[in-house]
Amino acid sequence: MAKVNENKGILVSLDWVTIIIYVALLALGWMSVCGASYDFDQAGNIFSFDSRSGMQIVWIGTSLILGALILSVDERVYETFSYIIYIAFLILLFLTPFLARDIKGSMSWIKIGSFSVQPAEFAKFATALCVARVISAFELHLYKNKDLIISALLVLTPMVLIVLQRETGSALVYFSFFLMFYREGMPGSFLFVGVAAVFYFVVGVRYQDVPLLNLPEVSLGTFCVLLGIWFFTSMMMRVYTSASKPFLIVFGTGFGTTLVAFLFSEFVIPFDITWVQLGFMVMMFSYLIYLSIKDRLISYFYIALFALGSIGFFFSTNYVMDHVLKEHQRTRIEVLLGMKDDPRGAGYNVIQAQIAIGSGGLKGKGFLNGTQTKLKYVPEQDTDFIFCTVGEEEGFVGSSIVLILFLCLILRLIHISERQVYRFGRIYGYCVLGIFLFHVFINVGMVLGLTPVIGIPLPFFSYGGSSLWGFTLLLFILLRIDAARNRMKRN
Amino acid sequence: MHNEDLHLENRKYVLGGIAVLVILVYILRLFSLQLMSEDFKKNADSNAFLRRIQYPARGSISDRNGTLLVYNQPSYDIMIVMNEAKNLDTLDLCQSLGITREWFDKRIEEISDRNKNPGFSRYTQQIFMSQLSAEEFSSFQEKMFRFPGFYIQKRSIRQYANDHAAHILGDVGEVGPADIEADDYYQSGDYIGKLGVERSYETQLRGVKGTEILLRDARGRIKGRYQNGKLDQAPVPGKNLTLSIDIELQALGERLMKGKLGSIVAIEPSTGEVLCMVSSPTYDPHLMVGRQRGKNNRTLMLDPMKPLLNRAISGRYPPGSTFKTSQALTFLQEGIISPTGTSYPCSHGFHFGRLTVGCHGHAAPLPLIPAIATSCNGYFCWGLYHMMSNRAKYQNVQEAMTRWKDYMVSMGFGYQLGIDLPGENRGMIPNAAYYDRAYKGSWNGVTIISISIGQGEVCLTPLQIANLGATIANRGYYITPHVVKQVQGEEIDTLYTKKHYTMVSPSNYEYVVEGMRKAVLGGTCTAANTSMYEVCGKTGTAQNKGHDHSVFMGFAPREKPKIAIAVYVENGGFGAVYGVPIGALMMEQYINGKLSEASEAKAESFENRHISYGTSIR
């Protein structure tokens, strides 16, 4: 009797909102796979198992069974076995390159019978479980550097193993764990540093060879980055220290010297004013060190370190771009940043993807009527570039609905995570939503030409069993843990 | 610590905010991509849709009796898909097609060169060899299975049932840049009528191209029809033409004109339909078809005898004495002469001061009808002189000249008649301003006297001479001559049904008809006389730099005429030498439908009488 009640309890406390969003995304995803894999030539049956759309039904069906299985297992099992699962996957990830066949340069697929499985897709949930277990069990506080390093190591280990499989895209997904770290106490400045680094990289590389106004010897990229470092540094002084005078000195002199140098160069003798900026950087750094010693405030030291690190990072990106990266990697970055127009080369995929989406208009061309995707103008049309089909066939209305569904899912997962009684559940929940957010951010952004082309699937849309099972696993373990919240309260 | 946790819980808003921001930015991006610009849509369409032209069958052409003259014949282009043409036995292929290895290599290079062939794709069919005949094709077809990547595309080319009437039929060839510029119907590689009715009836013959919209994938391969062909447009076949030409008559004319330069034009007076239009030398229209067209066309263009020139409408000649009929009509209508009362002297010609226009020996003075019959130069010179110097009627010579010119224009001279063929010449009828310029205002009837006998500045096309015959046969009007009797499914253009009346009244025409009848019965054209029907005729012997041109203009029968004809044989001498007998044979052929045995023998002798022309002239 008790068991029946318990099961009934799970069904009652199961988060049906998430289930509905999940099913809706699966249905829309299946329609997109139909659209992307449909061939005008052999207008065959979309339900046939010979077609991609037919096979996707198999993957969806098995995912639903997988979901049901996960729900029927006691939630404590996941926490209990999290270490074993994690270690098992680390071993599997380590062995994968030795077992895998080379598929387009990637060594991440293991062939089992007639199917290929990608362990990296499943390592995400294992890592999430393990990190959640470690942080909750050992009561780690991520504002402490030691605790943060331990947590980060748990995440970086599978990441490195996946990089070794030459699946850089899947490896980058592990950066999404930093969102969870942030929620669990990692200082916000870490996230800020990440944003600053992207700013330095994009602006620095993109505008490196563009002159500042009519001063041919001044690089607009360098000028803006140095201006940014000054601005970020002075703002950090404003936020992280209580004294306002040093902030005003740094902000004022930085503004003053740059302006004077610019005007002098513009109207008197043209010269490279970035040298003046660099000189100012040295003075600013010295001043911050002086302040940290004088006031015995470690904050000034960190800010000084930030400024120094920023300059070092900026100059090293230029060095890496020019001397470390290979030609095709450099081209890819340059095309992404809009520095090169190369419609048949590296930019081809992105251009065709935008044509596909742009041609959809308000209401789209209708189910199975997209031409861009079906006629193979868009590459990887039913996997990484699946969102093109949504854009082309369902138009602005359909693609907005899909994006809003994803947003609802993520916000719902935040809600679910926050209502967890135990820290394990909350941490696991943030790992899951971080992973979803990262996938949507990168995948849709790449199709829209806003983020770099990184080959990772769009959850529930991209064709394939591994990714679908992986996402289902992630989501349903969370739902199972969440469904037990009432019983935990009772206990 | 508790406080710290609460502080951290607020970070959910930061994370939620990041998610909302990302999705918001993406929706804005979608908005700008999908709703702000039509370019993406156009881009996608031009990517995916291949509009393939479907060519309509060109209309056929037959003669007035329904004999098929021009039709379509299938020809075959050999297409190659480079990507599939692998492991090719080049030697075998070259032997099968009768080409050399060098030609093969050169051709492949040309196809692959995107500068010369902008539409090149390794995955689609490219023309390898064009316009193979059915025989060439069938021998290749048997072996085609050995050559992967080679395909056949059926097209159609013009074919001619016989080798007559090349100038009227004309030909088709590939459009040039100017054609594409002038009419956006055409695309590179299309065919267009170049000469003859193929050109003048191009829009009716060509039909309307259809399109089928095909779906093309990223590699240029065809993946089916867009919306199962719902938006496809079927081609509309071209309309068939029925010519007014009698191909038997045309064939006889070409036979008779062998070895001679010149032209024969016959018109049905009541309708303006051109019954035959011979321009000699002619050429075999088959030369203008197929792969040899370019080469043959160049050869014909370089021929000093200018076989491509349609002399019947493009050649301008002095009409000689045939023109006297028009003068008689003008003088009668203007009251310069009276039909029976006026006689002019002629003592071996017209003498005025130091000027003499010679004439052959005949009784003098003569009234109008015998003057026409004997083709008296003196009579018509005096007539013109009296008209030009009649100050009671005209204030000055200019006014008289203008009046004269108006008569000439009303008879269809001096301007294009408007025949439905390209390249018509307007001939030359001088006016007062012309002579004022030429003689600086100091001129009179005597100065210009030679125009009265169809010499001097006056020039007509053989068509205009034949049309003069038709006007006389009709007693005062003509219908614009035309070679197309009917366009399938269309009414005949009113241009070709409207009667153009001359300024001369029908009663005056009867005197000229009588004169022309007398010429046949006992004047210059007796060779044209026959007991079968009443022939009216007028010879001409047109002086020029070389030997005189032999001219004949006539019609028959006298009442309800069926045929009006002009024969012009360059350097043929007296009108009676070539013009009259050829004209007589032509009239017999048309009216009787065949030649008598005696006439057939005569025709054969004329066929073999060649005039020797130098190679330098014309």
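**Entry 1: B:Leu93**

I looked up B:Leu93 in this predicted model and found B:Leu93 buried, at a relative accessible area of 0%. Buried means under 20% relative accessible area, exposed over 50%, and partly exposed in between, with a 1.4 Å probe and protein chains only. I placed B:Leu93 in helix α4 of chain B, residues 90-97. Helices (H or I, at least four residues) and strands (E, at least two) are DSSP runs, numbered from the N terminus.

Which residues does B:Leu93 touch, not counting those up to four places away in sequence? I noted B:Leu88, B:Phe104, B:Phe140, B:Phe147 and B:Phe150; contact means heavy atoms within 4.5 Å. B:Phe104 is 11 residues from B:Leu93 along the chain, and their C-alpha atoms are separated by 9.2 Å.

**Entry 2: a sheet in chain B**

I then traced an open sheet of five strands, in the order β12-β11-β22-β21-β20, with antiparallel pairing. Two strands pair if DSSP finds at least two bridges between them. At the edges I found β12 (273-280) and β20 (536-542), each pairing on one side only. The twist averages 5° from one strand to the next.

I looked at β21 (residues 549-556) and β22 (residues 563-569) of chain B, which run antiparallel and are joined by seven bridges. B:Met553 has B:Ala566 in β22(B) as its bridge partner.

Helix α20 of chain B (residues 506-522) lies across β20 and β21, at about 75° to β20(B). Axes are lines fitted to C-alpha atoms, for helices over the stretch in contact, and angles run from 0 to 180 degrees between N-to-C directions.

**Entry 3: conventions**

I number residues from 1 along each chain as its sequence is written, with chains lettered from A and ligands numbered from 1 in the order written. Local features need pLDDT of at least 70, side-chain atom pairs count only at pLDDT 80 or more, totals for chains, interfaces and linings use all residues, and side-chain values use heavy atoms, leaving out hydrogens and water.
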